[in-house]
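Look at the sequence and the structure below. The paragraphs that follow go through some side-chain pairs and then the confidence of the model.

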Amino acid sequence: MSGASLAQGPGSVRPPIAAAPLDHGLFLMHLNKGREHIAAGRLAEARGCLERALRVRPGDETALDLLGRIYFKMDLRHEAFTVYRHLVQLHPEADVLHANLGILEFKEGRDDDARRRLETALLLNPANQRPRLYIGLIERRQGNLAACIRQLEAAGARALARRVRRQLDPARGETEAPAPDPAADTGPVAAVAPEETARPPIVDLAAIAAARCLEEAVDGATFGILPRSGPAGGDLLRIDLTEGVRLRPGAVARVMAQRGALRREGRPSGPMVTVIGRGRVEMAAQGTGPSRILLLRLEAGQTLTARPEAVLACDASVGMRSSRRGPWEGGAGGAGPRTAILLHGPGIAALACDPAARPIRIEGEDTLLCHGADVVCWSGELRSMAAAAHGGGLDELLGPRRGAAAPLCLAGEAQVLLDPPV
């Protein structure tokens with residue numbers, strides 16, 4: 001695609017940003033700053049820069065494509081629709097544009113429109129696996145599990161296909177359709193880059209720990225990470241509220257708001273409380289040493305199970321409930337907290353861990369031996385048992401145990417964050 005400005009003619013789609021009469025190099029300045037913010041994960045700043053760039057050069061395709069992906073990630077669907085519909089009229093041959101529009105239709109629940117867009121993308125590029133993934137999710141939502149499995153396997157989403165296959169009753173054919181679960185929703189891709197292979201809905205803890213976004217924004221709150229001053233060191237979590245968040249009260253260091261502008265709502269729900277209004281909250285993980293804070297953006301269908309003291313805060317859109325599933329079960333003698341927090345997207349969550357915490361992926365026939373008390377959180381399908389039941393006596397090779405906790409053997413298909421690392 002070229003970066004030429006789009007002419008306004010009969011029947012053309014009005015660009016989403018109004019024009020400015022002069023350039024003077026402002027466009028490239030705003031565009032490059034927007035790219036820098038995207039690379040650093042600062043979506044709100046990137047959005048502002050790209051919108052300013054488009055006021056200088058309305059209809060520039062590079063800026064529109066970047067802005068469309070930002071709108072998608074920020075769940076601004078109306079704005080994303082406007083951008084991608086504009087681009088697809090200019091480039092009807094671009095399969096990724098049709099695929100991104102199909103994903104948006106899917107997220108809005110318009111399955112027939114989504115299917116047409118996704119099938120168009122496949123006609124344009126049969127090697128594109130992403131449309132097959134979402135066609136499979138549409139089949140699943142409509143109860144056609146056998147067709148869903150075929151599409152997921154063709155898309156390479158084998159783990160998700162196995163989950164759906166377990167819902168089939170061999171004696172009766174297909175069971176009733178499960179609740180809609182856009183489990184593999186990972187957002188749009190660049191219109192100028194190849195499609196990525198579809199992935200199962202496991203939160204990529206390794207990528208999050210490596211990139212470590214320093215700011216995330218959603219409707220109602222902006223989460224930022226700042227260096228913590230003083231001998232304690234580590235990170236400080238700052239939350240700027242415009243609506244509300246859920247947070248762990250024991251970790252709150254400071255609250256700033258005008259009188260009556262910020263208040264707690266209702267009674268505490270488990271270890272978390274809901275705070276609504278406009279203001280700022282600063283939080284720091286409790287402990288004797290420095291801590292690292294990770295901001296996790298959970299997409300629709302993604303879940304994360306964490307020990308309660310690791311969860312500092314989350315925005316109001318994140319679903320939360322107590323869970324007794326997880327790697328802390330199966331260990332004898334108090335292997336860890338018996339009640340965990342289950343978070344499910346979409347939304348943002350802030351977790352605290354040791355600066356040297358290490359994400360480890362378990363898949364296939366892999367097993368992981370560790371102490372249950374070292375598990376900060378996990379995402380995916382995880383099974384746990386006492387390490388002694390695994391055999392081989394390898395549990396005796398582990399380091400000193402915490403208290404009377406017996407080591408655990410973890411298996412399944414998941415990513416686990418260990419603190420401290422193995």
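With which residue does Glu108 form a salt bridge? In this predicted model, the partner is Arg77, and the closest N and O atoms are 2.9 Å apart. The pair links distant parts of the chain, as Glu108 sits in the loop between helix 5 and helix 6, while Arg77 belongs to helix 4. Glu108 is partly exposed, with a relative accessible area of 35%, and Arg77 is partly exposed as well, at 22%.

Helix 4 and helix 5 are also tied together by Arg85 and Glu105, whose side chains meet in a salt bridge at 3.9 Å, N to O. Here Arg85 is partly exposed at 38% relative accessibility, whereas Glu105 is at 7% and so counts as buried.

Another salt bridge joins Arg254 to Glu282, with 2.8 Å between the closest N and O atoms. Arg254 lies in strand 5 and Glu282 in strand 8, so the bridge ties together parts that are 28 residues apart in sequence. Arg254 is partly exposed; Glu282 is buried. A search of the whole structure finds 18 salt bridges.

Arg141 lies over the face of Phe106, 4.1 Å from the ring centre.

Over residues 170-200 the pLDDT is below 50. Where pLDDT is low, the predicted coordinates should not be read in detail.

Methods: Residues are numbered from 1 along each chain as its sequence is written. This is a predicted model: local features need pLDDT of at least 70, side-chain atom pairs count only at pLDDT 80 or more; totals for chains, interfaces and linings use all residues. Side-chain values use heavy atoms; hydrogens and water are left out. pLDDT is the predictor's confidence in each residue, from 0 to 100. Contact means heavy atoms within 4.5 Å. A charge sits over a ring if NZ of Lys or CZ of Arg is within 6 Å of the ring centre and within 35 degrees of the ring normal. A salt bridge is a side-chain nitrogen of Lys or Arg within 4 Å of a carboxyl oxygen of Asp or Glu. Helices (H or I, at least four residues) and strands (E, at least two) are DSSP runs, numbered from the N terminus. Buried means under 20% relative accessible area, exposed over 50%, partly exposed in between (1.4 Å probe, protein chains only).
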